[in-house]
Amino acid sequence: MPRERVDYIDGPCLASAIRSGAEWVASKRIHLNEINVFPVPDGDTGTNLTLTLKAAADAIRGLEDRSLGEVSAALSHAVLLGAHGNAGIILAQFIRGFASEVQGTDRLYPKGFVEALRGSVKGAYEAMAEPVEGTVLTVVRESVDEVARLVAAGETDYAKLLERMHASAEESLARTPELLPVLKEAGVVDAGGEGFVDLLEGMLRLIRGEEVEAILDSIPAAAPSAPRVQQRDLKYRYCTEFMLEGPDADVGDLKVKLAGMGGSLVVVGSLGLVRAHIHTNRPEAVQGRRHAGAASGVHPLG
């Protein structure tokens, strides 16, 4: 089916794209869980990405006719509150970065699109205490670089930009086992990276007029208990997540406080509202670092 040309992104366009992408990721969640081996093989990346995107989709329901700024603001807040797991929080930060860059814009044209994407990539890397290549970070960064190249060459059709962004993301995803030995050993690509590819594919299907099954509304808002994995394979035993809200909640301050207390540390948010994810052997000590109103959760990895 011939695809539709897209000259700019506005509120309705962004809302529809997020919803379609989220639905497609949800349809792939079981496979994403099955190939999840990094940072730990706990089989929940697909679930976490789905729940993160479900929060985004739910927040913009009814905003399909609103401005780009209104849709972006709703997305930014929702993904921070609704992010789950390592990959989910990274994706949330990418979406938040994009949303922040387009505030005050009614129509987003390709040059501004590239600037917003680059800001998003920068924010996603900064959220990680120890960024690892061969993960969703690499897939996002390399696909954004391709979009930047095309726009610099004069491309103005978003449909073509998204097609090439998706193709580049697929190519980057295929290379992840060469960058991350644990993936090569398991014979899989990075689950978070594949989830990002699925997100782009869902958006492309919308442009092409292809059907995407609506299943998000049937998915529970809470994640099931994470599968247990072999303790001998783990450096850290507990996945700990919490959110701080209050005048003292600060991303940089919390990242410093949690440094050295575990692995897979991701801290996102802004002054007054911060979300953290960490794998640790001392969840009680991690939660002791909370110094503002907080909600938290801990589950064993092994």
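How much space lies in the second largest pocket? It holds about 630 Å³. The model is predicted, with local features needing pLDDT of at least 70 and side-chain atom pairs counting only at pLDDT 80 or more, while totals for chains, interfaces and linings use all residues. Residues are numbered from 1 along each chain as its sequence is written, and side-chain values use heavy atoms, without hydrogens and water.

**View 1. Lining of the second largest pocket.** A pocket is an open set of points, on a 1 Å grid over the protein atoms alone, with protein on both sides within 12 Å along at least five of seven lines; lining residues have an atom within 4 Å of a point. Of the 28 lining residues, Ile9, Cys13, Ala17, Leu162 and Met203 are closest to the centre of this pocket. Helices (DSSP runs of H or I, at least four residues, numbered from the N terminus) that each supply at least two lining residues are H1 (11–27), H5, H6, H8 (158–179) and H10 (191–208). H10 gives the largest share, six residues. The lining has 24 nonpolar, no polar and four charged residues, where Ala, Val, Leu, Ile, Met, Phe, Trp, Tyr, Cys and Pro count as nonpolar, Asp, Glu, Lys and Arg as charged, and the others, Gly among them, as polar.

**View 2. The largest cavity, about 60 Å³.** A cavity is a set of grid points where a 1.4 Å probe fits but cannot get out, and its volume is the space filled by probe spheres set on the points, which are joined across faces, edges and corners. Ile90, Leu91, Phe94, Ala124, Val136, Leu137, Val140 and Phe196 form the lining, with eight nonpolar, no polar and no charged residues.

View 3. H5 and H10 each give two or more residues, and the largest share, three residues, is from H10.

**View 4. Crossing of H5 (residues 85–101) and H6 (residues 110–127).** The axes, lines fitted to C-alpha atoms over the stretch in contact, come within 8 Å and cross at roughly 140 degrees, on a scale from 0 to 180 degrees between N-to-C directions. H5 and H6 are therefore oblique to each other; angles under 35 degrees count as roughly parallel, over 145 as roughly antiparallel, 65 to 115 as roughly perpendicular and the rest as oblique.

**View 5. The cis peptide bond between Phe38 and Pro39.** Omega is about 5 degrees. Pro39 sits in the loop between H2 (29–34) and H3 (45–59).
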